[in-house]
There are 2 protein chains.
Amino acid sequence: MTGRTNVDRGREVRARLVAAAQELIGELGWNGVSTRILAERAEVRPGLVHYHFESLQALLRQAAIEAMGPLLTDAAQLLGAADPADAVEAMLADIDRYTGTDPASLLFIEAYIAATRDPVLREQMYDLVAAFRAAITAALVSKDHPDAETTAVLIMAVIDGFILHKGLDPQLSAARLVPLLRRLTETENGADR
Amino acid sequence: MTGRTNVDRGREVRARLVAAAQELIGELGWNGVSTRILAERAEVRPGLVHYHFESLQALLRQAAIEAMGPLLTDAAQLLGAADPADAVEAMLADIDRYTGTDPASLLFIEAYIAATRDPVLREQMYDLVAAFRAAITAALVSKDHPDAETTAVLIMAVIDGFILHKGLDPQLSAARLVPLLRRLTETENGADR
DNA sequence: GCTATGATTGGTCAGTCGTCCAAGACGATC
DNA sequence: GATCGTCTTGGACGACTGACCAATCATAGC
C-alpha cells in the first residue's frame, strides 16, 4: 500500500528534468539551457538539478542520448524487417512531419554540435550513429548492394542535412527525394528477383 | 598623405570584430560568444562592440553571412564553369580538408541553428542558400537533367549533413561519396556527348 | 517508537552576461 | 587656431549564471 515512496518521487523528478531538458535544448540551444529555466519547466526547485545530476552537462547529455536512442533503434528495426528502399522511404516520410524548427529536430542538431565539444557525449553519440549505420549497411548487404557502407553514410548525411535545410526552408519536401535515393539503394540490375 | 584616419581605424576595428566572431562562433557556439571574449580576441576594449554594432546578435549575423557568402558564391561560379558532376566532386574534395570540428565547419552549422531562432538571419541565409541551389539546378538543367531541382536539394543536404557526421567520426571520407553522387548528377543515358 | 536513507528547500557564492554612457582623444575641415 | 564628427576608454547597471550547502522534510526498515 505504499502509494508514493520518496524514491519514486525522486525517479519522477529525474524523468521530468530529462523531459524538460529535451524540450529546452531545442528551444533555447544547448548553451541556452540553465539550471533555473530547467527547474521552472520541470516544476521543480532549482537546487534539485544538482542533487539528481552530477552537473548540468551530465543532465543535458542524458537527455540527448535518451531522446535519440529510441528513435534510431526503432528505425534500425524497421530496416531489418522491410526492404531497405522502402524503409528509407518511410524514414523520409517521418521527416516531413517535422518542420526543422521544432525542438525535436533541433535537439538532434544541437547534440551533434555539442558532441564536438564534449568528448563523453561524442563517444555516446558515436556508438548510436555507428549502430544505425551498421543496420543500414547490413540491410543493403542482404540485397547484394555493391557499395553498402558508403551508401549508408550518404543516406544518413542526407537525412540530417535535410533537417538542417528544412529549418531554413520549411517548404522542402523529403518525399521528393525518395526516387533519387531509390536509385542508390536498389542494386544496379533494375529490381529483378 | 592621410596616413591613418580614425575612420580607417573604425573600419579596421569592425573587420577585426567580425573576424573574431567568425572564429569564436565555431569555437564556443553561437550562444557562447560574449562581448568581452569577442573584444579580447579582437584586441579591442569591450565597450567598442556596442559602439560599432547595434547589438551582439547583429555582429554575429554579419559575421556568419560574410563567412558563408563568399564560399557559396565561389562554389556557384565553379558550377557555372565546369561539368556539374566534376564540380560536385571538387566540392566534396574541399570538405575532406575540414575535420568537422574546426571553427569553419561549425560556423556553418551554428548559423543554420541560429537562423531558426533569428528571423532576420533566417531570411539572409535563405537568400544565400536559395541562390546556391539555383546555381546547382541551372548547371544540371543545362545537361538536360530530369530532376534538377530535387537533385540540387539532395546534394546540398548531403554536403551539410556530411559535415555534421564528420564531427562525430573524423575518419569519414567525402571522396568516397563521389561515385554515388555521380550516378545522380549524370543524365540517365550514360554520359554521351 | 527510532534511525537511516533519500528528497527537498532556500539561499549563498563568485563570476559573467548584454547594454549603456559620460568623458576624453583623435584626425579632418574650415 | 577652432570646430566637428568619429572613435575610444573605463566603468557602471541590473540581471543572470553553475555550483554548492546546511537545514529540513518524508519515507522505509527495524
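Me: Is the crossing of α6(A) and α6(B) left-handed or right-handed?

Reply: This is a predicted model, in which local features need pLDDT of at least 70, side-chain atom pairs count only at pLDDT 80 or more, and totals for chains, interfaces and linings use all residues. Residues are numbered from 1 along each chain as its sequence is written, while chains are lettered from A and ligands numbered from 1 in the order in which they are written. Helices (H or I, at least four residues) and strands (E, at least two) are DSSP runs numbered from the N terminus, and a crossing is left-handed if the near helix is turned anticlockwise from the far one by less than a right angle, right-handed if clockwise. For α6(A) and α6(B), the crossing is left-handed.

Me: Are α6(A) and α6(B) roughly parallel or roughly antiparallel to each other?

Reply: Axes are lines fitted to C-alpha atoms, for helices over the stretch in contact, and angles run from 0 to 180 degrees between N-to-C directions; under 35 degrees counts as roughly parallel, over 145 as roughly antiparallel, 65 to 115 as roughly perpendicular and the rest as oblique. The axes of α6(A) and α6(B), the latter being residues 103-115 of chain B, come within 11 Å and cross at roughly 155°. The two helices are therefore roughly antiparallel.

Me: What is the angle at which α6(B) and α7(B) pack?

Reply: Helix α7(B) spans residues 119-141, and its axis lies 8 Å from that of α6(B). Ala111(B), Ala114(B) and Ala115(B) of α6(B) make the contact with Leu121(B), Arg122(B) and Met125(B) of α7(B), and these residues divide into five nonpolar, no polar and one charged. The helices count as oblique to each other, because their packing angle is about 125°.

Me: Which element gives the largest share of the side of chain A that touches chain B?

Reply: The contact takes 39 residues from each of chain A and chain B. On the chain A side, the elements giving two or more residues are α6 (103-115), α7 (119-141), α8 (148-168) and α9 (178-185). By class, this side has 22 nonpolar, 10 polar and seven charged residues. The largest share, 15 residues, comes from α8(A).

Me: Which residue of chain A comes closest to the rotation axis?

Reply: After least-squares superposition on the C-alpha atoms of residues with pLDDT of at least 70 in both copies, a rotation of 180° with 0.0 Å of shift along its axis places chain A on chain B with an RMSD of 0.1 Å. That is the relation of a two-fold axis. At a C-alpha distance of 1.8 Å, the residue of chain A that comes closest to this axis is Gly161(A).

Me: How many helices has chain A?

Reply: The C-alpha atoms of chain A fill a box of roughly 60 × 40 × 35 Å along the principal axes. Chain A has zero strands, and its helices number nine.

Me: Is Glu43(A) buried or exposed?

Reply: Glu43(A) sits in the loop between α2 (35-41) and α3 (47-52) of chain A, and has a positive phi of about 55° although it is not a glycine. A residue is buried if 20 or more other C-beta atoms, placed from the backbone, lie within 10 Å of its own, exposed if 12 or fewer, and partly exposed in between. Because 9 other C-beta atoms lie within 10 Å, Glu43(A) is exposed.

Me: What is the phi of Asp144(A)?

Reply: Asp144(A) lies in the loop between α7 and α8 of chain A. With 11 other C-beta atoms within 10 Å, Asp144(A) is exposed. Although Asp144(A) is not a glycine, its phi is positive, at about 60°.

Me: How far apart in space are Tyr98(B) and Gly167(B)?

Reply: Tyr98(B) lies in the loop between α5 (84-95) and α6 of chain B, and is partly exposed, with 18 other C-beta atoms within 10 Å. Tyr98(B) and Gly167(B) are 69 residues apart in sequence, while their C-alpha to C-alpha distance is 9.5 Å.

How values were computed. Two residues are in contact if their C-beta atoms, placed from the backbone, lie within 7 Å. Ala, Val, Leu, Ile, Met, Phe, Trp, Tyr, Cys and Pro count as nonpolar, Asp, Glu, Lys and Arg as charged, and the others, Gly among them, as polar.
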